[in-house]
Amino acid sequence: MSDMKKVKNSVRAQAKKPGEVGEAREHKSQEKEVKIKPKKKFQYLYGPVPSRRLGYSLGVDLLPFKTCTLNCIYCQLGPTRKKTIRRSSFFSEKQILEEIREFLKTGAKVDFITFSGSGEPTLNKSIGRLIRKIKKMTSLPVAVLTNSTLLTRPEVRKDLMAADVVVPSLDGVTQKVFEKVNRPHPSLKAEKITEGLIKFRQQFKGQIWLEVMLVKGVNDSAAHLKKLKQAIEKIHPDKTHLNTVVRPPAEKSAQPLSLDELNKIKEFLGEKTEVVASFRKKEQKKAPPEIAQAILDIVHRRPVTLEDLENSLGLTREELSLTLQHLLDSHQLKQIKHAGRLYFEP
Ligand code: SF4
């Protein structure tokens, strides 16, 4: 599971209490009533989200909340509500495209348009048409984050052909490990998924960045890693990204590997492998400059609420609160009140 999936997950998993951080400490001298044009709310879009791999990425979410072919033990959305392998349109293509058109008119800085969100995007059978239509609307590259399970189907592989980057997941290459880590729909077979990825690589001309989510004691044994390496050698991704459970998982038993352990596995898997796990929780205690900079980048474009920041950065309010407090205390940010809501601005 990749960065972009986590972004929306963390936001949706939080109960919303508007203004909580801003109201925790009083900054009355910095408050004033001003007229602000309210941010346009999109139903199918989120972000732009700064992502290590995709730069500023506009997320497109094509699914009802937590509709997926899997129910991964590390999923940050909690348990899968609808586990299915049946593809459907779910929402109006026209409305999704209209939102993207509206967003593009704003001129906001975006490096990628990314299909991700609250489930498995290839379950939406309009994804192929949507990608092709977006490519006609803009020169921005399109990425798709997928759990790979439907790449066994020729029509799904065909749907992704117009994308520029596909980030497929592969966590378990034996049926036993696959079932333990991903808790799949009963019809899904690990061996067939690897075969689907091999076929997709043969057909797809864009970049494939394979993501492996490693869970302590579940899919990190020497025997499984050996089989994983053999599978990766057959798939030939452009890159392999190693991740681990750095955000709250669906099951408390899903524990992360250490950075040292990930680095050893990276060496074992070979030169095209990178560690992408961010270990954000540890860094956050120190109010890392990259979070502060990301917040400042956003507020310099427009005033934002705490909820906007959660959506844009894919961080929880708890993760944001220390940095926001630091920025308020150092007068790099101030708060203003508009229509009963608190906004941050430079
Ligand atoms: S693939 Fe796994 S991590 Fe991703 S949404 Fe589905 S259950 Fe969650």
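This is a predicted model: local features need pLDDT of at least 70, side-chain atom pairs count only at pLDDT 80 or more; totals for chains, interfaces and linings use all residues.
**Overall make-up**

The protein has 13 helices and twelve strands. Of its 346 residues, 44% are buried.

**Nonpolar cores**

In soluble globular proteins, nonpolar side chains tend to be buried together. In this model the largest nonpolar core holds 71 residues. Within that core, Leu45, Val60, Tyr74, Ala143, Ala163, Leu214 and Val215 touch the most other members. Strand 8, residues 207-214, supplies the largest share of the core, with five residues.

The surroundings of Ala143 can be listed one by one. Leaving aside residues up to four places away in sequence, Ala143 touches Leu54, Phe112, Thr114, Ala163, Asp164, Val165 and Val167. One of these, Ala163, is also among the core residues that touch the most other members.

**Helix packing**

Two packed helices are described by the angle between their axes and the distance between the axes.

| Helix pair | Axes come within | Crossing angle |
|---|---|---|
| Helix 3 and helix 4 | 11 Å | roughly 30° |
| Helix 7 and helix 8 | 8 Å | roughly 25° |
| Helix 8 and helix 9 | 10 Å | roughly 45° |

Helix 3 spans residues 93-106 and helix 4 spans residues 127-137; their axes cross at roughly 30°. Helix 3 is therefore roughly parallel to helix 4, because angles under 35 degrees count as such. The crossing of helix 3 with helix 4 is right-handed. On the helix 3 side the contact is made by Glu93, Ile96, Leu97, Ile100, Arg101 and Leu104, and on the helix 4 side by Arg129, Leu130, Lys133, Ile134 and Met137. Sorted by class, this contact of helix 3 with helix 4 has seven nonpolar and four charged residues, and no polar ones.

Helix 7 and helix 8 cross at roughly 25°, and the two are therefore roughly parallel to each other. Thr194, Leu197, Ile198 and Arg201 of helix 7 meet Ala231, Lys234 and Ile235 of helix 8. The contact of helix 7 with helix 8 comprises four nonpolar residues, one polar residue and two charged residues.

Helix 8 also packs with helix 9, residues 259-269, where the axes cross at roughly 45°. Helix 8 is therefore oblique to helix 9. The crossing of these two helices is right-handed. Here Leu225, Lys229 and Ile232 of helix 8 meet Ile265, Phe268 and Leu269 of helix 9. The residues of the contact of helix 8 with helix 9 divide into five nonpolar and one charged, with no polar residue.

**Two histidines with positive phi**

Most residues other than glycine have a negative phi, and most peptide bonds are trans. His236 has a positive phi, near 60°. This residue lies in the loop between helix 8 (222-235) and strand 9 (239-244). His236 counts as partly exposed because 13 C-beta neighbours lie inside 10 Å.

The phi of His331 is likewise positive, near 60°. His331 sits in the loop between helix 13 (317-329) and strand 11 (334-338). Is His331 buried or exposed? His331 is exposed, because 10 other C-beta atoms lie within 10 Å and 12 or fewer count as exposed.

**Pairs apart in sequence**

Glu191 is part of helix 7, residues 190-203. With 13 C-beta neighbours inside 10 Å, Glu191 is classed as partly exposed. Glu191 and Thr174 are 17 residues apart in sequence, and their C-alpha atoms are 6.9 Å apart in space.

Asp297 belongs to helix 11, residues 289-299. Asp297 is partly exposed, because 15 other C-beta atoms lie within 10 Å. Between Asp297 and Pro346 the separation is 49 residues in sequence and 9.7 Å in space, C-alpha to C-alpha.

Key. Residues are numbered from 1 along each chain as its sequence is written. Axes are lines fitted to C-alpha atoms, for helices over the stretch in contact, and angles run from 0 to 180 degrees between N-to-C directions. Helices (H or I, at least four residues) and strands (E, at least two) are DSSP runs, numbered from the N terminus. Angles under 35 degrees count as roughly parallel, over 145 as roughly antiparallel, 65 to 115 as roughly perpendicular and the rest as oblique. A crossing is left-handed if the near helix is turned anticlockwise from the far one by less than a right angle, and right-handed if clockwise. Two residues are in contact if their C-beta atoms, placed from the backbone, lie within 7 Å. Ala, Val, Leu, Ile, Met, Phe, Trp, Tyr, Cys and Pro count as nonpolar, Asp, Glu, Lys and Arg as charged, and the others, Gly among them, as polar. A nonpolar core is a set of buried Ala, Val, Leu, Ile, Met, Phe, Trp, Tyr and Cys residues joined through C-beta atoms within 7 Å. A residue is buried if 20 or more other C-beta atoms lie within 10 Å of its own, exposed if 12 or fewer, and partly exposed in between; C-beta atoms are placed from the backbone.
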